[in-house]
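This report concerns a ligand site and a group of salt bridges. The sequence and structure are shown first.

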Amino acid sequence: GDEVVLVGRSNVGKSTLMRELTGHSFDTGGKPGVTRQPNHYDWAGPDFMFTDLPGFGFMSGVEEGKREQIKTDVVRYVEENAENILAGVLVVDGKAVIDIIDRHRGNGDIPHDVEMFHFLQDVGIDPIVAVNKMDKVDDRDERLDDLCDRLGLFPPWQQYRETICPITAKTGSIEPLEAALAKRFRDAKRDEL
Ligand code: GDP
C-alpha cells in the first residue's frame with residue numbers, strides 16, 4: 001500500500017498538519033463538515049499519497065444525522081481502501097482529547113477517537129496517533145500517559161514512539177510524526193523485497 005490516511009475530529013488541526021506534511025497550501029477556513037470528499041496529496045516522492053478524510057464528531061451548525069453520515073463515509077472509505085493504506089494517522093487535539101474521551105465515557109458512549117483507534121486496528125492498519133496542539137499542553141508526559149491509558153496502551157507513552165507522536169502542526173514541529181511515518185515507509189519497502 002502507498003496511501004496514508006488522516007482521520008480525526010473536526011478542528012483538531014488536520015488541514016494544518018496536511019499542509020505541513022505535503023507543502024501544499026490550501027484553505028483551512030472553510031465551513032466545518034463541508035469537505036466530504038477525500039483530498040489526495042503526493043508526498044515523499046510519487047510513491048506515497050496522503051488522504052485527508054472529512055472531520056467527524058461535533059461541528060457547530062451541522063446536524064446529528066449529517067455528522068453520523070460523515071463518520072460512516074470515513075469508515076467505509078478506510079474499509080474499502082484498507083489494502084492500499086500503509087498508515088492510518090488519527091489526529092487528536094492534545095489539549096482537549098482526554099476531557100472529550102472521559103465526557104463521552106461518562107455518558108456511556110464510545111468516544112469517537114477511541115472507536116477510530118480500534119477500528120483502524122480491526123481493519124489491519126496499525127494506527128499512528130498524531131497528538132496535535134502540544135504547544136497548549138503543560139503537563140506533557142502526564143497527558144500522553146493518560147492518552148495511552150484511554151487507548152488501552154500501558155504507560156509510559158515513551159514506549160510507543162512509533163504510535164504516539166506529540167506534535168505542534170501550527171509551528172511545523174511534526175518531527176515525531178515524520179519519524180514514525182518514515183519508519184513505516186522503510187518497513188513497507190523492506191517487506192516488498
Ligand atoms: P481541521 O478542522 O482538523 O482541519 O483543523 P484546522 O487545521 O482547520 O485547525 C483548526 C484550528 O486549530 C485552527 O485555528 C488552527 O490554527 C488551530 N491549530 C492547528 N494546529 C495547531 C497547533 O499545533 N497548535 C495550536 N495552538 N493550534 C493549532
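The text below describes the ligand surroundings and then the salt bridges.

The model is predicted: local features need pLDDT of at least 70, side-chain atom pairs count only at pLDDT 80 or more, and totals for chains, interfaces and linings use all residues. Residues are numbered from 1 along each chain as its sequence is written, and side-chain values use heavy atoms, with hydrogens and water left out.

**Ligand site.** Around the ligand there are 15 residues, of which Asn11, Lys14, Ser15, Thr16 and Asp135 come nearest; a residue is near if one of its heavy atoms lies within 4 Å. By class, two of the shell residues are nonpolar, eight polar and five charged. Helix H1 (residues 14-22) gives the most to this shell, with three residues. An oxygen atom of the ligand lies 2.8 Å from a backbone N or O atom of Asn11.

**Salt bridges.** The whole structure holds 12 salt bridges, each a side-chain nitrogen of Lys or Arg within 4 Å of a carboxyl oxygen of Asp or Glu. Three of them are listed here.

| Pair | N to O distance |
|---|---|
| Lys183 and Glu162 | 3.8 Å |
| Asp187 and Lys183 | 2.8 Å |
| Asp191 and Arg190 | 3.2 Å |

Asp187 and Lys183 both lie in helix H6, four residues apart, about one turn of the helix. Salt bridges with shared partners join Glu162, Lys183, Asp187, Arg190 and Asp191 into one network. Lys183 counts as partly exposed because its relative accessibility is 25%, between the limits of under 20% for buried and over 50% for exposed (1.4 Å probe, protein chains only). Asp191 and Arg190 are both exposed.

How values were computed. Polar contact = N/O pair within 3.5 Å; in protein donor to acceptor, adjacent residues only side chain to side chain. Helix = DSSP H or I, 4+ residues; strand = E, 2+ residues; numbered from the N terminus. Nonpolar A, V, L, I, M, F, W, Y, C, P; charged D, E, K, R; others polar.
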